[in-house]
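Welcome, and take your time with the model below.

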Amino acid sequence: MEMDLNAQVKKAGFLQRLKEFPSKLKDGVTKRIKNVQKFAKDDPRRIIHSLKVGLSLTLVSMLYYVRPLYNSFGVSGMWAILTVVVVSEFTVGGTLSKGLNRGFATLIAGALGVGAVHLARFCGDKGEPIILGIFVFSLGAAATFSRFFPRIKQRYDYGALIFILTFSMVAVSGYRTDEILVMAYQRLSTILIGGTICILVSIFIFPVWAGEDLYKMIANNIIKLANSLEGIEREYFLSSEKTSKETNSCAQQYKSILTSKSSEDTLANLARWEPGHGRFRLRHPWTKYLKIAGLVRQCAFHFEILNGYVLSDVKIPQDFISKIQGPCSIMSQEAGEALKAIAKSIKTMKRDNVSVNKHIEKSKSAIQTLRIALKTSSSETEKELLEIIPGVTMASILIEIVNYVEKISEAVEEFSSLAHFKETPDPKVSPELGQHQLLHRGSVKPVLEGDNEEENSSPSHVVINVHDEQPPTTNEKKVSGVEKTRVDVV
């Protein structure tokens, strides 16, 4: 009986799962479709890139589908399809990097491979495989060792890999075939065709520029620093729970900067392969972005330390906080405004030194006020020293953050001169007053005795004619002419 009961329970459970399977399947499919839609909406360029790769594959497939092309290249047309698959990258810089590396590596390795085969044939049937083996060993080992050099690893690693592959294939396959030149020509031609199609599609059809992504990332990271600085200041000095919840997301924005180094290095390396486009010239100083990014990241590490003190349970005397609150708030606000001005300068590619320097000077002035407050507090406080150490540490970290903001400003200033940023006109100076203008023009004519015999009895006088050339105001638009003033000289 007990066994029958267990069997009935299992059967009922199986039937229940079977009934629920369609609804679970529907829910799972719907959930995955929504995830795919969200993923595509986050960056629609991913869909465009997928369509571009499909277009490139369709174009190179014509080497097989069109009979005259197939008669010219034969089965070597598969190399063009393989090239499209491995060369197509998301950015123009990535496609150019792989395409040029593959093209030049194939050309050089193919030429060396053909030369090695012809040279080995002079050594006879017995010596030919030995010579080819020596060539394959030597060049393969040398090319592999070159991949350990940082510069080659960074920019030409893919080319070195293709060089090893192509040379080995040509040298080894040339031992068993007599049409080595025809084979090398067909493979090289199809690889060049596939690479050229990828590059043209990547550049001329909705291009994605690595350099543009890099400069946007640097500017956005600086804005994140500004938002985090303001968020930490509000969260620490405004103790209400509501304010703390509202500013918590802003205070945590710096965390994404701590892990952005690999992305920045990759984008900077790919941007150097790209031609001039838009606001970026051919030899744009992409490496300077990495210098700015390094300073931004170091500043973000100080935010991590500062945030640890803000979120800690250490209680600082309220009277001490009240003394440093004003200078710290000013430092945070002005440093944040300076960072926003720097980010705006990078985004618009216009210099704004006046605004940035103004905020930095205000921050430095607040630093001096803070130092005076710290000296006064340390001499007047009756509390134990250990109670105010966290507050002093926070103030010193904030001072260090202001110093890093100044370093970022100097790095951006150096970068702006190399990138030929436009000058931002001073709003206080009117463009109409760009040249020195004479506001009044007139003549002074002394009247001498005897010039007017009818007025001999009158005293000597001077007539001054003044021509007012100032632009009329709203109430004086209808007033014009020459003002004359008569000044009697006794």
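Let us start with a pair of helices: α2 and helix α10 (residues 180-204) pack at an angle of about 145°, their axes being 10 Å apart. Two packed helices are described by the angle between their axes and the distance between the axes. Here axes are lines fitted to C-alpha atoms, for helices over the stretch in contact, and angles run from 0 to 180 degrees between N-to-C directions. The crossing of α2 and α10 is right-handed; a crossing is called left-handed if the near helix is turned anticlockwise from the far one by less than a right angle, and right-handed if clockwise. On the α2 side the contact is made by Lys 52, Ser 56, Leu 59 and Val 60, and on the α10 side by Gly 194, Ile 197, Cys 198, Val 201 and Ser 202. Contact means heavy atoms within 4.5 Å. Five of these residues are nonpolar, three polar and one charged, where Ala, Val, Leu, Ile, Met, Phe, Trp, Tyr, Cys and Pro count as nonpolar, Asp, Glu, Lys and Arg as charged, and the others, Gly among them, as polar.

Before going on, a word on what you are looking at. This is a predicted model, in which local features need pLDDT of at least 70, side-chain atom pairs count only at pLDDT 80 or more, and totals for chains, interfaces and linings use all residues. Residues are numbered from 1 along each chain as its sequence is written, and side-chain values use heavy atoms, with hydrogens and water left out.

How confident is the predictor? The mean pLDDT of the protein is 81, and 80% of its residues reach 70 or more; pLDDT is the predictor's confidence in each residue, from 0 to 100. Over residues 431-444 the pLDDT stays under 50, and the model has 21 contacts for them beyond four places in sequence. Residues 466-490 are also below 50, with 34 contacts in the model beyond near neighbours in sequence.

Now step back to the whole chain. The protein has 17 helices and five strands; helices (H or I, at least four residues) and strands (E, at least two) are DSSP runs, numbered from the N terminus. Of its 490 residues, 37% count as buried, that is, under 20% relative accessible area, with exposed meaning over 50% and partly exposed in between (1.4 Å probe, protein chains only). Among contacts between residues at least 6 apart in sequence, 78% join residues at least 24 apart.

Return to α10, which has another partner. Helix α5 (residues 77-87) packs with α10 at an angle of about 35°, with the axes 7 Å apart, and this crossing is right-handed. Gly 77, Trp 79, Ala 80, Thr 83, Val 84 and Val 87 of α5 meet Arg 187, Thr 190, Ile 191, Gly 194, Gly 195 and Cys 198 of α10. By class, the contact of α5 with α10 has six nonpolar, five polar and one charged residues.

Next, look at helix α7 (residues 124-146), where Gly 140 lies. The 23 residues of α7 should span 33 Å at 1.5 Å a residue, and the end C-alpha atoms are 32 Å apart, which agrees; the expected span is 1.5 Å times one less than the number of residues. Its buried residues are Gly 127, Glu 128, Leu 132, Gly 140, Ala 143 and Ser 146, and what covers them includes α6 (92-121), α8 (150-155) and α9 (157-173). Gly 140 has a relative accessible area of 16%, so it counts as buried. Not counting residues up to four places away in sequence, Gly 140 touches Phe 135 and Ile 164.

Finally, visit some loops. Phe 421 sits between α17 (385-418) and β2 (422-423) and is buried, at 7% relative accessible area. Among its contacts beyond four places in sequence are Ser 345, Ile 346 and Met 349. Met 349 itself is in the loop between α15 (318-348) and β1 (350-351), has a positive phi near 55° although not a glycine, and is buried at 7% relative accessibility.
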